[in-house]
Amino acid sequence: MTSPLRLCVRRTSSEARGSATLVTLRLPSDVNCIEEAVELVTRHCLAGHDATRTIRFRLRVVLSEALSNAIMRGNAEDHTKWVEIRAELVPEAIRVSVTDEGPGFDPGTVPEPLRPDQLDEAGGRGLYLIRKLVDVVQFNEQGNSICMILRRS
Amino acid sequence: MGFSQTKGSSGVVVVQVDGQLIVGNRHELKDLVQAALDRGERRMLVDFSRTGYIDSSGLGALVSISKRIREVGGELRLSGLNDDLRSLFELTKLDTLFAITETPEQALTSF
């Protein structure tokens with residue numbers, strides 16, 4: 001069966017800016033596509049670059065969580081809607097954005113999962129993990145696109 | 001990737017997670033545990049010695065099955081988390097909610 005994922009990888013190198021990799025991937029809103037998408041983006045983004053085990057693990061975690069949120073909450077698992085990933089590796093950082101076709105949300109309304117009344121809840125840890133594992137988290141104004149920056153040093 | 005289930009002389013049901021516990025397979029684990037509870041099993045161990053990754057949905061599934069097991073007076077232990085996975089439990093403070101041991105053997109003697 002042909003994979004529904006659409007991958008594009010571009011590598012550039014210059015004396016002034018060093019080597020860089022840009023990976024874009026488009027996937028349908030199906031949670032069963034998350035694993036393959038994470039594997040593809042992580043592998044192509046880090047190929048040929050030094051990356052510690054911690055960086056690899058963090059990239060994998062935050063990408064998985066952002067995709068889960070985009071597919072299940074943003075696009076409400078509507079298989080006609082798509083999720084776009086853009087992962088850019090430059091010498092000092094990895095910058096990953098995940099955008100869905102949903103109406104967006106206000107990240108300020110997500111409850112703190114470590115509150116005693118929330119600790120025993122099944123959901124609500126994805127965004128918290130992202131915030132803990134990357135250096136910068138930004139949302140667009142609509143709230144349907146998250147940008148995560150992971151410094152490499 | 002998947003789940004395997006054994007029950008040894010200790011009487012504890014051991015569920016081995018091979019590969020990953022993620023959004024795509026979390027219901028399979030929940031159903032497996034529910035079926036064991038329906039059979040009357042009350043002591044369970046989920047072992048992650050062969051697990052590379054758990055996402056937040058997987059963590060949530062563990063919270064759910066822990067509640068179900070407690071509701072019927074059972075006990076749940078977790079074992080075999082590598083350093084990366086353990087860090088996820090620590091970040092989310094779920095290490096305070098679960099009884100976690102390094103090895104399945106240690107877990108089996110702790111029931």
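Visitor: How are the residues and chains labelled, and which features of a predicted model count here?

Guide: Residues are numbered from 1 along each chain as its sequence is written, and chains are lettered from A and ligands numbered from 1 in the order in which they are written. Because this is a predicted model, local features need pLDDT of at least 70 and side-chain atom pairs count only at pLDDT 80 or more, while totals for chains, interfaces and linings use all residues.

Visitor: How many helices and strands are there in chain B?

Guide: Helices (H or I, at least four residues) and strands (E, at least two) are DSSP runs, numbered from the N terminus. Chain B has four helices and six strands, and along its sequence they follow the pattern β-β-α-β-β-α-β-α-β-α.

Visitor: What radius of gyration does chain B have?

Guide: The radius of gyration is taken over C-alpha atoms, and the globule rule is 2.2 Å times the number of residues to the power 0.38. A compact globule with 111 residues would have a value near 13 Å, and chain B agrees with its 13 Å; the C-alpha atoms of chain B fill a box of roughly 30 × 30 × 25 Å along the principal axes.

Visitor: Which residues of the largest nonpolar core touch the most other members?

Guide: In soluble globular proteins, nonpolar side chains tend to be buried together. A nonpolar core is a set of buried Ala, Val, Leu, Ile, Met, Phe, Trp, Tyr and Cys residues joined through C-beta atoms within 7 Å, where buried means that 20 or more other C-beta atoms, placed from the backbone, lie within 10 Å of a residue's own, exposed means 12 or fewer, and partly exposed is in between. Of the 61 residues in the largest core, A:Ala37, A:Val41, A:Val62, A:Ala66, A:Leu67 and B:Met44 touch the most other members, and the largest share of this core, nine residues, comes from α2(A).
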